[in-house]
Amino acid sequence: MVKKILVADDEKHIVQIVQFNLEKKGNYEVIVASDGEMALELIRQEKPDLVISDIMMPKMDGFEASKRIKAMSK
């Protein structure tokens, strides 16, 4: 079974490194968000198994996105 991982980061080179390593290591589908707001929308749509998030992003930082993700799971 393919696990879906959301990588939220505004630095394209960081996303590429993380995506490359995850896809190389296993059976993962990587989806990408460039800010916290986009991450929340993708979580609603794609329902990833794991979220890897940067802290400093535009529009909504990783701390706020994490709080909202936690609230979504209640």
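## Salt bridges and a surface patch

Let's start with Glu 46: its relative accessible area is 29%, so Glu 46 is partly exposed (buried means under 20%, exposed over 50%, and partly exposed in between, with a 1.4 Å probe and protein chains only). Keep in mind that this is a predicted model, where local features need pLDDT of at least 70, side-chain atom pairs count only at pLDDT 80 or more, and totals for chains, interfaces and linings use all residues. Residues are numbered from 1 along each chain as its sequence is written, and side-chain values use heavy atoms, leaving out hydrogens and water.

Which residue does Glu 46 form a salt bridge with? The partner is Lys 4, and the closest N and O atoms are 3.0 Å apart. A salt bridge here is a side-chain nitrogen of Lys or Arg within 4 Å of a carboxyl oxygen of Asp or Glu. This pair links distant parts of the chain, since Glu 46 sits in helix H2 and Lys 4 in strand S1, 42 residues apart. (Helices, H or I with at least four residues, and strands, E with at least two, are DSSP runs numbered from the N terminus.) Lys 4 is buried, at 18% relative accessible area.

By this rule, the count comes to five salt bridges.

| Pair | N to O distance |
|---|---|
| Glu 46 and Lys 4 | 3.0 Å |
| Asp 35 and Lys 59 | 3.8 Å |
| Arg 68 and Glu 64 | 2.9 Å |

Take the pair of Asp 35 and Lys 59. Asp 35 is buried at 6% relative accessibility, while Lys 59 is exposed at 66%.

Now for Arg 68 and Glu 64: they are four residues apart in helix H3, which means about one helical turn separates them. Arg 68 is partly exposed at 41%, and Glu 64 is partly exposed at 28%. Together with Lys 67, these two are linked in a network of salt bridges.

The surface also has a nonpolar patch, formed by Ile 55, Met 56 and Phe 63, with about 350 Å² of accessible area together. Patch residues have over 30% relative accessible area and no salt bridge; like charges are joined within 9 Å, and nonpolar side chains (Val, Leu, Ile, Met, Phe, Trp, Tyr) within 5 Å. Areas come from the Shrake-Rupley method with a 1.4 Å probe, and for residues only the protein chains shown count as cover. Met 56 is in the loop between strand S3 (50–53) and helix H3 (62–72), and counts as exposed at 69% relative accessibility.
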